[in-house]
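Student: I'd like to learn how to read a protein model. Could you walk me through this one?

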Amino acid sequence: MSPVNEGARGGAERILDAAILLFGQHGFRGTTLKDIATEAGVSQALIVHHYGTKEQLRSVCDDHVAQLIRERKAEVLEDEPRIDPVIAMRQLSNGRALLRYLIRTLTEGGEHAAQLIDEMVADAQEYMTQGERAGVIKPSAAPRDRAVLLVLWSLGALVLHEHAQRLLDVDFLASGDSADDLQRYLYPALELYTQGLVVDGAVDDLSAFLGPAGTTSDSAHDTRKE
(Lines give C-alpha, C1' and ligand atoms only; values in the text may rest on other atoms or scores of the structure.)
Protein backbone atom coordinates (compact mmCIF):
# COMPACT_ATOMS: atom_id res chain seq x y z
CA MET A 1 0.00 0.00 0.00
CA SER A 2 1.19 3.51 -0.72
CA PRO A 3 1.74 5.90 2.20
CA VAL A 4 -1.34 7.77 3.41
CA ASN A 5 -1.18 11.42 2.37
CA GLU A 6 -1.40 14.00 5.15
CA GLY A 7 -4.64 15.45 3.85
CA ALA A 8 -6.50 12.19 4.44
CA ARG A 9 -4.58 11.18 7.57
CA GLY A 10 -7.50 11.79 9.91
CA GLY A 11 -9.73 9.33 8.05
CA ALA A 12 -7.00 6.71 7.90
CA GLU A 13 -6.38 6.97 11.63
CA ARG A 14 -10.09 6.69 12.42
CA ILE A 15 -10.26 3.56 10.29
CA LEU A 16 -7.31 2.03 12.13
CA ASP A 17 -8.77 2.87 15.54
CA ALA A 18 -12.16 1.47 14.55
CA ALA A 19 -10.62 -1.73 13.18
CA ILE A 20 -8.61 -2.33 16.36
CA LEU A 21 -11.70 -1.67 18.49
CA LEU A 22 -14.04 -3.95 16.52
CA PHE A 23 -11.53 -6.74 15.85
CA GLY A 24 -10.93 -6.79 19.60
CA GLN A 25 -14.63 -6.87 20.47
CA HIS A 26 -15.96 -9.24 17.80
CA GLY A 27 -12.92 -10.94 16.29
CA PHE A 28 -11.63 -10.76 12.73
CA ARG A 29 -14.29 -13.04 11.28
CA GLY A 30 -17.08 -11.31 13.19
CA THR A 31 -16.20 -7.86 11.86
CA THR A 32 -16.98 -6.60 8.36
CA LEU A 33 -15.58 -3.65 6.45
CA LYS A 34 -19.07 -2.14 6.66
CA ASP A 35 -18.89 -2.35 10.48
CA ILE A 36 -15.51 -0.63 10.48
CA ALA A 37 -16.70 2.05 8.07
CA THR A 38 -19.73 2.79 10.26
CA GLU A 39 -17.62 2.98 13.43
CA ALA A 40 -15.05 5.23 11.76
CA GLY A 41 -17.65 7.43 10.05
CA VAL A 42 -16.20 6.82 6.58
CA SER A 43 -17.13 4.92 3.44
CA GLN A 44 -16.03 1.35 2.71
CA ALA A 45 -14.37 2.71 -0.43
CA LEU A 46 -12.08 4.85 1.72
CA ILE A 47 -11.01 1.78 3.70
CA VAL A 48 -10.16 -0.04 0.49
CA HIS A 49 -8.33 3.03 -0.78
CA HIS A 50 -6.08 3.24 2.28
CA TYR A 51 -5.72 -0.38 3.35
CA GLY A 52 -6.96 -2.68 0.60
CA THR A 53 -8.62 -5.83 1.92
CA LYS A 54 -9.74 -6.63 5.44
CA GLU A 55 -6.78 -9.00 5.73
CA GLN A 56 -4.37 -6.21 4.78
CA LEU A 57 -6.04 -3.93 7.29
CA ARG A 58 -5.50 -6.51 10.02
CA SER A 59 -1.80 -6.70 9.12
CA VAL A 60 -1.55 -2.94 9.55
CA CYS A 61 -3.34 -3.26 12.91
CA ASP A 62 -0.82 -5.91 14.02
CA ASP A 63 2.09 -3.69 13.02
CA HIS A 64 0.52 -0.71 14.76
CA VAL A 65 -0.05 -2.58 18.02
CA ALA A 66 3.48 -4.01 18.00
CA GLN A 67 4.91 -0.54 17.34
CA LEU A 68 2.94 0.99 20.20
CA ILE A 69 4.27 -1.65 22.60
CA ARG A 70 7.80 -1.04 21.32
CA GLU A 71 7.53 2.73 21.69
CA ARG A 72 6.11 2.50 25.19
CA LYS A 73 8.87 0.15 26.30
CA ALA A 74 11.52 2.44 24.84
CA GLU A 75 10.09 5.35 26.84
CA VAL A 76 10.34 3.56 30.20
CA LEU A 77 13.37 1.33 29.65
CA GLU A 78 15.98 3.61 31.19
CA ASP A 79 13.99 4.31 34.36
CA GLU A 80 11.94 1.11 34.71
CA PRO A 81 13.48 -1.83 32.84
CA ARG A 82 10.78 -4.45 32.17
CA ILE A 83 9.52 -6.67 29.39
CA ASP A 84 5.85 -7.03 30.29
CA PRO A 85 3.71 -6.08 27.25
CA VAL A 86 0.55 -6.06 29.38
CA ILE A 87 1.84 -3.31 31.65
CA ALA A 88 3.29 -1.35 28.74
CA MET A 89 0.06 -1.51 26.74
CA ARG A 90 -2.43 -0.57 29.44
CA GLN A 91 -0.61 2.71 30.10
CA LEU A 92 -1.55 4.00 26.67
CA SER A 93 -4.62 6.21 26.34
CA ASN A 94 -6.50 3.60 24.29
CA GLY A 95 -4.99 0.71 26.21
CA ARG A 96 -8.26 -1.16 26.79
CA ALA A 97 -9.03 -1.44 23.07
CA LEU A 98 -5.45 -2.43 22.30
CA LEU A 99 -5.41 -5.12 24.97
CA ARG A 100 -8.72 -6.55 23.75
CA TYR A 101 -7.26 -6.63 20.24
CA LEU A 102 -4.20 -8.45 21.54
CA ILE A 103 -6.35 -10.98 23.42
CA ARG A 104 -8.39 -11.69 20.30
CA THR A 105 -5.27 -12.10 18.19
CA LEU A 106 -3.78 -14.54 20.67
CA THR A 107 -6.94 -16.62 21.09
CA GLU A 108 -7.69 -16.76 17.37
CA GLY A 109 -4.15 -17.94 16.69
CA GLY A 110 -2.69 -18.35 13.23
CA GLU A 111 0.06 -16.54 11.36
CA HIS A 112 -0.86 -13.10 12.67
CA ALA A 113 -0.56 -14.20 16.30
CA ALA A 114 2.75 -15.94 15.59
CA GLN A 115 4.23 -12.85 13.93
CA LEU A 116 3.10 -10.58 16.75
CA ILE A 117 4.52 -12.88 19.43
CA ASP A 118 7.79 -13.23 17.53
CA GLU A 119 8.14 -9.44 17.46
CA MET A 120 7.47 -9.22 21.19
CA VAL A 121 10.06 -11.89 21.92
CA ALA A 122 12.69 -10.16 19.80
CA ASP A 123 11.94 -6.83 21.47
CA ALA A 124 12.02 -8.39 24.96
CA GLN A 125 15.38 -9.99 24.26
CA GLU A 126 16.78 -6.66 23.13
CA TYR A 127 15.39 -4.86 26.17
CA MET A 128 16.93 -7.43 28.49
CA THR A 129 20.26 -7.16 26.69
CA GLN A 130 20.16 -3.42 27.29
CA GLY A 131 19.22 -4.10 30.91
CA GLU A 132 22.23 -6.39 31.27
CA ARG A 133 24.51 -3.66 29.94
CA ALA A 134 22.95 -1.21 32.40
CA GLY A 135 23.57 -3.63 35.25
CA VAL A 136 19.92 -4.07 36.26
CA ILE A 137 19.20 -7.48 34.70
CA LYS A 138 21.20 -10.65 35.29
CA PRO A 139 22.83 -12.29 32.26
CA SER A 140 21.36 -15.55 30.98
CA ALA A 141 22.95 -18.61 29.42
CA ALA A 142 19.80 -18.89 27.28
CA PRO A 143 18.82 -15.27 26.55
CA ARG A 144 16.32 -15.94 23.78
CA ASP A 145 14.59 -18.79 25.61
CA ARG A 146 14.33 -16.62 28.71
CA ALA A 147 12.69 -13.89 26.63
CA VAL A 148 10.28 -16.42 25.10
CA LEU A 149 9.27 -17.76 28.51
CA LEU A 150 8.68 -14.34 30.06
CA VAL A 151 6.64 -13.11 27.10
CA LEU A 152 4.52 -16.28 27.08
CA TRP A 153 3.92 -15.97 30.83
CA SER A 154 2.83 -12.38 30.43
CA LEU A 155 0.59 -13.01 27.43
CA GLY A 156 -0.85 -16.09 29.11
CA ALA A 157 -1.91 -13.93 32.05
CA LEU A 158 -3.53 -11.52 29.60
CA VAL A 159 -5.51 -14.26 27.84
CA LEU A 160 -6.67 -15.48 31.28
CA HIS A 161 -7.52 -11.92 32.35
CA GLU A 162 -10.96 -12.90 33.63
CA HIS A 163 -9.36 -15.29 36.10
CA ALA A 164 -6.75 -12.73 37.10
CA GLN A 165 -9.62 -10.42 38.00
CA ARG A 166 -11.51 -13.21 39.78
CA LEU A 167 -8.55 -14.50 41.81
CA LEU A 168 -6.42 -11.37 42.29
CA ASP A 169 -8.93 -8.56 41.77
CA VAL A 170 -6.64 -7.27 39.00
CA ASP A 171 -8.17 -5.81 35.83
CA PHE A 172 -5.63 -5.92 33.00
CA LEU A 173 -8.10 -4.25 30.66
CA ALA A 174 -8.40 -1.08 32.72
CA SER A 175 -6.53 1.82 31.15
CA GLY A 176 -4.27 3.94 33.32
CA ASP A 177 -0.69 4.59 34.32
CA SER A 178 -1.02 3.73 38.02
CA ALA A 179 0.42 0.47 39.29
CA ASP A 180 -1.75 0.52 42.43
CA ASP A 181 -4.58 -1.51 40.90
CA LEU A 182 -2.07 -4.12 39.68
CA GLN A 183 -0.34 -4.55 43.03
CA ARG A 184 -1.49 -8.13 43.62
CA TYR A 185 -0.07 -9.09 40.21
CA LEU A 186 3.08 -6.99 40.32
CA TYR A 187 4.20 -7.78 43.87
CA PRO A 188 4.57 -11.58 43.46
CA ALA A 189 5.98 -11.06 39.97
CA LEU A 190 8.62 -8.69 41.34
CA GLU A 191 9.35 -11.13 44.16
CA LEU A 192 9.94 -13.92 41.64
CA TYR A 193 12.10 -11.70 39.45
CA THR A 194 14.28 -10.41 42.28
CA GLN A 195 14.35 -13.25 44.82
CA GLY A 196 13.69 -16.34 42.75
CA LEU A 197 11.48 -19.23 43.86
CA VAL A 198 13.60 -22.02 45.32
CA VAL A 199 16.50 -21.94 47.75
CA ASP A 200 20.09 -22.50 46.65
CA GLY A 201 20.88 -26.16 46.04
CA ALA A 202 17.25 -27.29 45.82
CA VAL A 203 17.37 -27.99 42.08
CA ASP A 204 21.01 -28.96 41.66
CA ASP A 205 20.08 -32.46 40.46
CA LEU A 206 17.70 -31.07 37.86
CA SER A 207 20.29 -28.54 36.70
CA ALA A 208 22.85 -31.30 36.27
CA PHE A 209 20.32 -33.34 34.29
CA LEU A 210 19.49 -30.46 31.96
CA GLY A 211 23.13 -29.65 31.26
CA PRO A 212 24.52 -26.25 30.21
CA ALA A 213 21.62 -23.85 29.75
CA GLY A 214 20.85 -22.58 26.29
CA THR A 215 23.59 -24.43 24.42
CA THR A 216 21.05 -26.48 22.46
CA SER A 217 17.88 -24.45 22.24
CA ASP A 218 19.22 -21.00 21.39
CA SER A 219 21.81 -22.28 18.94
CA ALA A 220 19.22 -24.50 17.29
CA HIS A 221 16.90 -21.54 16.85
CA ASP A 222 19.69 -19.48 15.31
CA THR A 223 20.46 -22.31 12.91
CA ARG A 224 16.82 -22.62 11.85
CA LYS A 225 16.66 -18.92 11.04
CA GLU A 226 19.70 -19.00 8.74
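Student: Let's start with a loop. Where is Asp169 found?

Tutor: Asp169 is found in the loop between helix 9 (161-168) and helix 10 (183-195). Helices (H or I, at least four residues) and strands (E, at least two) are DSSP runs, numbered from the N terminus. Before we go on: this is a predicted model, where local features need pLDDT of at least 70, side-chain atom pairs count only at pLDDT 80 or more, and totals for chains, interfaces and linings use all residues. Residues are numbered from 1 along each chain as its sequence is written, and side-chain values use heavy atoms, with hydrogens and water left out.

Student: What is phi of Asp169 near?

Tutor: Here's the general idea: most residues other than glycine have a negative phi. Phi of Asp169 is near 55 degrees, a positive value in a residue other than glycine. Another positive phi, near 80 degrees, belongs to Gly135, which follows helix 7.

Student: And is Asp169 buried or exposed?

Tutor: Buried means under 20% relative accessible area, exposed over 50%, and partly exposed in between (1.4 Å probe, protein chains only). Asp169 has 59% relative accessibility, so the residue counts as exposed. Gln115, in helix 7, is partly exposed at a relative accessible area of 40%. Val151, in helix 8, is buried, with a relative accessible area of 1%. Over the protein, buried residues make up 36% of the 226 residues.

Student: How many helices and strands does the protein have?

Tutor: Twelve helices and zero strands.

Student: How do I read the length of a helix, say helix 8?

Tutor: Work out the expected span, which is 1.5 Å times one less than the number of residues. Helix 8 has 17 residues and reaches 24 Å from its first C-alpha to its last, close to the 24 Å expected. Helix 7, with 24 residues, reaches 35 Å, close to the 34 Å expected.

Student: Which residues of helix 8 are buried?

Tutor: They are Arg144, Ala147, Leu150, Val151, Ser154, Leu155, Ala157 and Leu158. Seen down the axis of helix 8, these buried residues fall within an arc of 160 degrees (taken from the directions from the helix axis to the C-beta atoms), so they line one face of the helix. The general idea behind that: an α-helix has 3.6 residues a turn, so residues three or four places apart point the same way.

Student: How do helix 6 and helix 8 cross?

Tutor: Their axes come within 9 Å and cross at roughly 105 degrees. Axes are lines fitted to C-alpha atoms, for helices over the stretch in contact, and angles run from 0 to 180 degrees between N-to-C directions. Angles under 35 degrees count as roughly parallel, over 145 as roughly antiparallel, 65 to 115 as roughly perpendicular and the rest as oblique. Helix 6 and helix 8 are therefore roughly perpendicular to each other.

Student: Which residues touch the most other members of the largest nonpolar core?

Tutor: In soluble globular proteins, nonpolar side chains tend to be buried together. A nonpolar core is a set of buried Ala, Val, Leu, Ile, Met, Phe, Trp, Tyr and Cys residues joined through side-chain atoms within 4.5 Å. Here the largest one has 49 residues, and Ile36, Leu57 and Phe172 touch the most other members. Helix 1 gives this core its largest share, eight residues.

Student: What does Phe172 touch?

Tutor: Not counting residues up to four places away in sequence, Phe172 is in contact (heavy atoms within 4.5 Å) with residues including Val86, Leu99, Leu158 and Tyr185.
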